[in-house]
Amino acid sequence: MYKNVSNQYIIAIILLFSSCLLTVTAKAQAANENPTKNYVNDDLKSGKKSDQPSILPPATVKSPQPDTSWKPVRRIWGYTFGDFYYNAHADPANRGTETNYNGVPTYRNAFQFRRIYLGYDYDINKKFSVELLLASEPNANTNPSPGTSISNGDNLADNKMSFYIKLINLRVKEVWKGTDFIIGNQWTPGWPLLTEKIWAYRFIEKTVADIHRNNPWDFGAGLQGVFDPATKNFGYDALIGNNTSSNLLSATNANTGFYKAFYGDVYGKFFERKLIVDLYADYMKTAPATAAVGGQARHMIKGFVAYTTPKFTFGIEAYTQQIVNGVTNTATKTSENATVKAISVYTHGAIYKDKVRFFARYDSYNPNDDFDAATAYTVNTNLPAYSPFTKEQFVTAGLDFIPAKNIHFAPNVWLVQYNDQRAPTTTGYIPADHTLVYRVTFFYIFGK
């Protein structure tokens, strides 16, 4: 009996499992007969979600397309200019310490480099770029500088040429639309960014403010931008610097932690960029007051107007600069301001297509417009090469032969006339004289 009952239980269990298996198989077949019904097609609008994971087809991953609109700059470049010169007449008093031919005797002739640049431009990415410029800028005077055995110019102790770091800076592009931020050793807004380019003959001579040793570059933080990014006809440059150029001054020097130089420039380009108008100003305190001399500073206002086309350019650049407590009146024993005034007028243009051009320029420089001819003065300012006594008139003219792009040979004449502002009866008076140099200048650019 018990055996029959056990057999019945075993048969019942087998039938139960068979029924469950048939039910599952039927549901699976129904799902296969309606393939559009799956978890992906659950009613999302009703918020009903399956507790089963969704099975999606693999997404198609597109490879990023390279940006062909931006091409990074990684460039080594440079340029060089120099002359074969003949010093036809030297000023016997050896005035013009700011010029290339100070101390060069009459009749001396030589081949000479006046500038060698080696630069490297590197774009880190679209936002950041680096500028590095090495410079060697010797002059024709190989006499030892006062108190040293080293020649004037950028020479080593053994009179061999050497490079120094002139520029090294990081540029942050588009800190806001149309404006870049620059930190490091960089050009000041004074002339290298605009007016020197329009003069176009830096290989012949510096601009008038540059000749008289105002800062062409400085270590600081600056902004360079335009007010109209679409057309770039109106712009500005601003810089706060150390007033040290590339010099490494001692920690006690006022310009390395107490005073700063402030530079600013605005410009406009009109009539299809043929008419250029530029206004520049700077201010820098240079020394604290002492018992004998009041606090020293200097500030400049400079204007520039030029009409320029590929065939012809005419430009005028003029500035006034006040040197606060720059001189001391030896009669009254008081320090006085000195007012510098200078003007430069030039032209250059084409004679034959892109092969032959001409250039001519005249500068007038007065180091102290308030000078009293009957009074003796001593100099207080630390402006390099400044002398309140001597007016200067500079003339240069020549031809520019261009056998190939970026190669120039330019025969030219270079003349500076010196006139002492002191009365002839004043102690130290020097009669008028001049320096006259005939040159064949060469200039070439590479890597650009």
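Student: Which residues does T328 touch, not counting residues up to four places away in sequence?

Tutor: T328 touches V293, K333, T334, S335, A376, Y377, T378 and N380. Touching means contact, with heavy atoms within 4.5 Å. This is a predicted model, where local features need pLDDT of at least 70, side-chain atom pairs count only at pLDDT 80 or more, and totals for chains, interfaces and linings use all residues. Residues are numbered from 1 along each chain as its sequence is written, and side-chain values use heavy atoms, leaving out hydrogens and water.

Student: Why is T328 called buried?

Tutor: Its relative accessibility is 12%. Buried means under 20% relative accessible area, with a 1.4 Å probe and protein chains only. So T328 counts as buried.

Student: What makes the pairing of the T328 and N380 side chains a polar contact?

Tutor: The distance is 2.9 Å. A polar contact is a pair of N or O atoms within 3.5 Å; within protein, one must be able to donate a hydrogen and the other to accept it, and residues adjacent in sequence count only if both atoms are side-chain atoms. The T328 and N380 side chains make such a contact.

Student: Where does T328 lie among the strands?

Tutor: T328 lies in strand β11, residues 312–329. A strand is a DSSP run of E, at least two residues, numbered from the N terminus.

Student: How much of the protein is buried?

Tutor: Of its 448 residues, 41% count as buried.

Student: How many helices and strands are in the protein?

Tutor: There are three helices and 17 strands. A helix is a DSSP run of H or I, at least four residues.

Notes. Buried < 20%, exposed > 50% of the residue type's maximum accessible area, 1.4 Å probe, protein only.
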